[in-house]
Amino acid sequence: MSEQLQAPSALIPVPRAPAPEVPAAPARREIEITIDGKHVSVPEGATILDAARRLGIETPTLCFLETLTPVNVCRVCVVELEGSRTLVPACSRKVEAGMVIRTDSERVRLSRRVVLEFLASSVDVSTAPQMQAYIVRYGAQPERFGARAASLAQPPKIDNELYMRDYSKCILCYKCVEACGVDAQNTFAIAVAGRGFHAHISTEFEVPLPESACVYCGNCIGVCPTGALMAKTEYEMRSAGTWNESRQTHTETICPYCGVGCELTVHAQAGQIVKVSSPLDHSVTQGNLCIKGRFGWQFTQPQK
Amino acid sequence: MFRQPTVVNNVETLINVLEIILNGGHAYARNGTTHSSGYRLFCVSGHVARPGIYELPFGPTVRNVVELAGGVAGTGRLQAVLLGGAAGSFISPAELDTPLTFEHTRAIGATLGSGVVMLFDDSIDLKHILLRIAAFFRHETCGQCVPCRVGTVRQEELLQRLGGGQALSSNGQEHALLKEMAQAMRDASICGLGQTASSAILSAMDRWSLFS
């Protein structure tokens, strides 16, 4: 602190002081718990889901995403915790020393199956491959509530050039709300409106998207687990029957626009870009992009 | 609240705290039973001569409370008693000698809940009451978690089918379906609303063949 940093000349800026050393975080205590009869140690603050994953136990999740704050609303990840009156959500329940957990008991399987039946009898899961896989895994039979079971069937909302919103496919996982809000974009264009079975994702006062606060970053589309939110290009290709993921190539590249250096995954089909996404685990983007990176690729291909 | 320990309790709890402070915990615990100490406000309503709030130590039987409130009104013939309100459970006249404590109600698969003791005479169509309870929970669910948001809707639909003689398969299979839904709602809902939304309905269907 004593010696003053001097600029070598008037044209060269004063060199910066050396960056202060960041003190190393104290080592986190290891917590030991038992899952399905196996002992596992995870750092304090980890969740039951983290511990289960460490043991290679597959736990279904719908509303959970590594990059978002857990909201534990879908309840498909519930596990049996010894001493607990109810099942507990693995995605958000933090480990405590000595917990004894069962992830595949009859009780757990029943709740997971019924939750999947509740969802799949209310919404269209045709563009939700992960949910379809869970439905098979747990032997869920959504049709058992009868043909007259109330559903959320409604026409898709297409009120802009970039997004299609089909709320007949929405399971209300809150991921889009979180991605639009404090977990990523801080735009707050959408939130959950209404109550009960008719709770739904909405813009302020239900205005069309172009009149809302939406900035078209598409991060809501990036996190939607059911295809309720989709880029309009993908929706149009699917409607025309030309969307074919098995014929698509994925190319990793860097966004050509600004200097942030976002990683892009370019999805191309028949030599045309059909979609752009970003890997969830990328240190720069954590899956998030802006309107330019996600939608601004038309200049690379001839206009029809 | 404001990062300080916070108590959010109702008047019934706070008035008990007063006596504990004045006379000490041991004196207070001499009222009631070992596992249900102290006093309770019983809200006696329905087909009863003198409906009202009755403050009693834990432990009188349902019959005692009914007698205290002047006995069964209406037709005078008791059909059912709802303990604990919409999230509680129905008991039959054969269970009137159950003491009103946490442990004794639990032992017969019922619950004390909010302290509601609601009487129904034999002119009442319990099927209609169950439908009203189902509609209440479907209306009250906030919609946050799946088991409660959808389960309360499916439960009402199921009762409507049974009430309208339009069971999907047999009445027995509908009853089994309701039991599965109820278990998932009780086990996987976030809060007490979803966890207890099937409690009263199932307790009635387990006790009486209402829809056959």
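**The open sheet of chain A**

Mentor: In this predicted model, five strands of chain A, in the order β2-β1-β5-β3-β4, form an open sheet with mixed pairing. Helices (H or I, at least four residues) and strands (E, at least two) are DSSP runs, numbered from the N terminus. Two strands pair if DSSP finds at least two bridges between them.

Trainee: Which are the edge strands of this sheet?

Mentor: The edge strands are β2 (38-43) and β4 (88-89) of chain A, each of which pairs on one side only.

Trainee: How many bridges join β3 of chain A to β4(A)?

Mentor: Strand β3 (residues 78-81) of chain A is joined to β4(A) by 2 bridges, and the two run antiparallel. As for one residue, A:Val79 has A:Val88 in β4(A) as its bridge partner.

Trainee: Which helix packs on the sheet?

Mentor: Helix α2 (residues 106-120) of chain A packs on the sheet and touches β3 and β5 (100-102) of chain A. Two residues are in contact if their C-beta atoms, placed from the backbone, lie within 7 Å. The direction of the helix makes about 155 degrees with that of β3(A). For such values, axes are lines fitted to C-alpha atoms, for helices over the stretch in contact, and angles run from 0 to 180 degrees between N-to-C directions.

Trainee: How are residues and chains labelled, and which parts of the prediction are used?

Mentor: Residues are numbered from 1 along each chain as its sequence is written, while chains are lettered from A and ligands numbered from 1 in the order in which they are written. As this is a predicted model, local features need pLDDT of at least 70 and side-chain atom pairs count only at pLDDT 80 or more, whereas totals for chains, interfaces and linings use all residues.

**Chain A as a whole**

Trainee: How many helices and strands does chain A have?

Mentor: Chain A has 7 helices and 12 strands. Its C-alpha atoms fill a box of roughly 80 × 60 × 40 Å, taken along the principal axes.

Trainee: What percentage of chain A is made up of buried residues?

Mentor: A residue is buried if 20 or more other C-beta atoms lie within 10 Å of its own, exposed if 12 or fewer, and partly exposed in between, with C-beta atoms placed from the backbone. Of the 304 residues in chain A, 38% are buried. Among contacts in chain A between residues at least 6 apart in sequence, 54% join residues at least 24 apart.

Trainee: Into which domains is chain A divided?

Mentor: Domain bounds come from an automatic or database domain assignment. Chain A is divided into domain 1 (28-148), domain 2 (152-243) and domain 3 (244-304). The C-alpha centres of domain 2 and domain 3 of chain A lie 20 Å apart. Their contact takes 14 residues from domain 2 of chain A and 11 residues from domain 3 of chain A. On the domain 2 side, α5 (219-223) and α6 (232-240) of chain A are the elements that give two or more residues, and α6(A) gives the largest share, 3 residues.

Trainee: How do the residues on that side of domain 2 of chain A divide?

Mentor: Ala, Val, Leu, Ile, Met, Phe, Trp, Tyr, Cys and Pro count as nonpolar, Asp, Glu, Lys and Arg as charged, and the others, Gly among them, as polar. The side of domain 2 of chain A that touches domain 3 of chain A has 8 nonpolar, 5 polar and 1 charged.

**Chain B and its contact with chain A**

Trainee: How many residues of chain B are in contact with chain A?

Mentor: The contact joins 25 residues of chain B to 23 residues of chain A. Elements that give two or more residues to the chain B side are α5 (126-140), α6 (146-163) and α7 (171-188) of chain B. The residues of that side divide into 11 nonpolar, 7 polar and 7 charged.

Trainee: Why does the radius of gyration of chain B agree with that of a compact globule?

Mentor: The radius of gyration is taken over C-alpha atoms, and the globule rule is 2.2 Å times the number of residues to the power 0.38. With 212 residues, a compact globule would have a value near 17 Å, and chain B has 19 Å, which agrees.

Trainee: Is B:Met1 buried or exposed?

Mentor: B:Met1 counts as exposed because it has 7 C-beta neighbours inside 10 Å. B:Met1 is placed in the segment before α1 (11-23) of chain B.
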